[in-house]
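Hello,

Here is the structure for you to look through. Please open it first, then read my notes on the ring contacts below.

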Amino acid sequence: MKVLVAYASRHGATAGIAERIAEVIRTEGHVADTLELPAPASVDDYDACVVGSSAYLGHWEKPASAFVREHRDGLVARPVWLFTSGPLGTDEVDEQGQNVRESAAPQELSELTDAVAPREHHVFFGALDPKTLGVGARLMRKLPAGRKLLPEGDFRDWQEIEDWARSIARTLDAA
């Protein structure tokens, strides 16, 4: 099968996740293309789609949300998976006892899942390299609370990402 992995990435961490997903799908015997959004695209040439975005302040990047909305008819006609990257750190539960992955789900998720009925939505931990940040975020990180909110490091779990991509490939094999 031919799979499109479309993504929006603000600082590159989500791009790395999307590339790894496509790589694993290819090693499992499928064709997989990656597409950084926004870009002119069609889903017509693909049998399945994976769409992902980094999440900031509770929202997906606008190009990713727009892609799902604009291609709703094409996406609903084929298997679709969605992913979000964003939480930073290693704790699954925050200080208030909230599941970090659930809290990181974008506010648009309900609308997007209603629109395209994805097989699954998965939240991956992200990465933060302070050198990639804009002035406002760099200033925020100078404060103790800002450093806690925006910890430096790569928190992506590559084994988790690869396992998820393999599960997509297995689902496509069974189709």
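Start with a definition: rings of Phe, Tyr and Trp (its six-membered ring) pair if their centres lie within 6.5 Å, and planes under 30 degrees apart count as stacked, over 60 as edge-to-face and the rest as tilted. The model is predicted, so to speak of local features takes pLDDT of at least 70, side-chain atom pairs count only at pLDDT 80 or more, and totals for chains, interfaces and linings use all residues. Residues are numbered from 1 along each chain as its sequence is written, and side-chain values use heavy atoms, with hydrogens and water left out.

The whole structure holds 3 aromatic pairs. One of them is F83 with W164, edge-to-face, at 6.2 Å centre to centre and 70° between the planes. F83 is in strand β5 (residues 80–85) and W164 in helix α8 (residues 158–174), 81 residues apart. Helices (H or I, at least four residues) and strands (E, at least two) are DSSP runs, numbered from the N terminus.

F83, F124 and W164 form one aromatic cluster. F83 and W164 are both buried (under 20% relative accessible area; exposed is over 50%, partly exposed in between; 1.4 Å probe, protein chains only). F124 is buried too.

Best wishes
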